[in-house]
Amino acid sequence: MQEDINKRIVDDFVANDVSFVTTVPCKQLAGVIDEIDARKEIRHIPSNKEDEGMGLCAGAFMGGKRPAIIMQNTAIGVTINTLATLTQFYRMPLPMLISYRGELGEPVACQVEMAVHTKSLLAQLHIPTYHFHHRDDVEELDKILKYTFMCNKPVAILTDASFWGGY
Amino acid sequence: MIRSEILKEIAPILRDQLVVCNIGIPSQELHAIDDQPTNFYMLGTMGLASSIGLGLALSQPKPVISIDGDGSVLTNLGTLPTIANNPANNFILLIVDNGSYGSTGDQPTYAGRKTSLSKVAEACGCERVIECSAENTGTVLQEALDSGQMTIIVCKCESGNAKMPVITMDPVTIRDRFMSAIEA
């Protein structure tokens with residue numbers, strides 16, 4: 001089942017011509033990252049920090065590739081300047097597949113400290129935000145990707161522990 | 001030599017290449033010296049010129065030159081391992097190392113004191129790293145283009161800025177004409 005969801009997500013990426021993905025890992029996203037590594041259609045460039053990854057994605061977009069970033073919600077804070085002054089200012093599309101740590105089922109208290117700010121930070125930035133909580137929510141991913149590349153905006157997809165089936 | 005004098009000297013080499021230029025005074029200087037549709041001017045986002053350039057080089061075949069500064073590389077030091085481990089032979093990172101944060105008032109950087117960015121780049125795994133004097137920048141840059149190998153150039157120069165106007169071009173215009181130039 002877990003493998004199915006990872007495959008399903010990456011299938012939607014490939015179907016929407018996403019061919020450049022940068023990642024900063026999270027335990028919850030490990031299966032998706034493995035699946036990305038397994039696909040020849042996708043160039044995977046791991047980055048050391050999320051704002052660096054957004055820079056890579058900006059370059060890839062201008063080079064004709066559809067990019068995406070995979071990251072954890074705890075890093076939203078370090079990406080705000082980049083989202084505002086690069087991705088949004090130059091009107092570039094960027095699907096952000098984010099593990100939503102600090103939600104129900106979270107074993108690590110510190111993760112909650114950024115979870116409580118996650119949606120308000122994204123709302124402050126006027127970033128369209130989708131929250132995957134139930135397994136069936138993945139059905140919307142294809143439409144979310146199409147929407148992102150239609151409107152040339154960063155779009156956040158928060159995926160919590162319930163969606164991933166626990167820790 | 002200061003950065004603007006170097007940019008004037010290498011402008012004929014840059015003119016035919018895709019250039020991603022660092023935020024602030026470097027972009028203002030390049031824009032004033034030789035504005036080209038093949039120049040991508042960063043209006044914000046300190047530190048990401050090298051990341052944008054690498055992403056662009058990995059995504060299309062034309063040569064890409066990122067003009068960065070020592071202060072901006074120090075801001076995004078994680079970029080050097082990413083560059084080293086994902087080599088793009090059409091990518092040149094030109095670090096204009098004047099040992100100071102030029103756009104904010106020439107405060108000294110650590111690169112102007114004990115830290116050697118060329119040694120950092122080598123330690124990160126970058127294979128072709130060349131440190132040069134300001135006067136040799138044009139020669140080294142042309143050799144890097146001719147080599148067909150990913151190259152990190154650390155150009156040691158004097159601190160100082162030319163007085164140039166702020167770029168008022170809309171960011172979407174900068175991006176759109178840059179993308180058209182890439183496709184051309």
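Predicted model: local features only at pLDDT ≥ 70, side-chain atom pairs only at ≥ 80, totals over all residues.
The crossing of α3(A) and α4(A) is right-handed.

The axes of α3(A) and α4(A) lie 8 Å apart, and the packing angle is about 20 degrees. That value makes the two helices, α3(A) and α4(A), roughly parallel, because angles under 35 degrees count as such. On the side of α3(A), the contact is made by E50(A), D51(A), M54(A), G55(A) and A58(A). From α4(A) come V78(A), T79(A), T82(A), L83(A), L86(A) and T87(A). Sorted by class, the residues of this contact comprise five nonpolar, four polar and two charged.

Let me now turn to the interface between the chains. Here 25 residues of chain A are in contact with 25 residues of chain B. Which elements of chain A each supply at least two residues of the side that touches chain B? They are β2 (43-46), α3 (50-62) and α4 (76-88). Among the contributors to that side, α3(A) gives the most, namely nine residues. Both helices of the pair I described first, α3(A) and α4(A), therefore also belong to the elements that supply this side of chain A. In terms of class, the side of chain A that touches chain B contains 10 nonpolar, nine polar and six charged residues.

I continue with chain B itself. Chain B has eight helices and eight strands. Its C-alpha trace spans about 40 × 35 × 30 Å along the principal axes. For 184 residues, a compact globule would have a radius of gyration near 16 Å, and the 15 Å of chain B agrees with this.

Within chain B, six strands form an open sheet with parallel pairing, and their order is β2-β1-β3-β4-β8-β7.

Strand β4 of chain B, residues 91-97, pairs with strand β8 of chain B, residues 151-156, in the parallel sense, and six bridges join them. Among the residues involved, I95(B) has V154(B) in β8(B) as its bridge partner.

Key. Residues numbered from 1 in each chain as written. Chains lettered and ligands numbered in written order. Contact = placed C-beta atoms within 7 Å. Helix = DSSP H or I, 4+ residues; strand = E, 2+ residues; numbered from the N terminus. Nonpolar A, V, L, I, M, F, W, Y, C, P; charged D, E, K, R; others polar. Pairing = 2+ DSSP bridges. Axes fitted to C-alpha atoms, helices over the stretch in contact; angles between N-to-C directions. Parallel < 35°, antiparallel > 145°, perpendicular 65-115°, else oblique. Left-handed = near helix turned anticlockwise from the far one by under 90°. Rg over C-alpha atoms; globule rule 2.2 N^0.38 Å.
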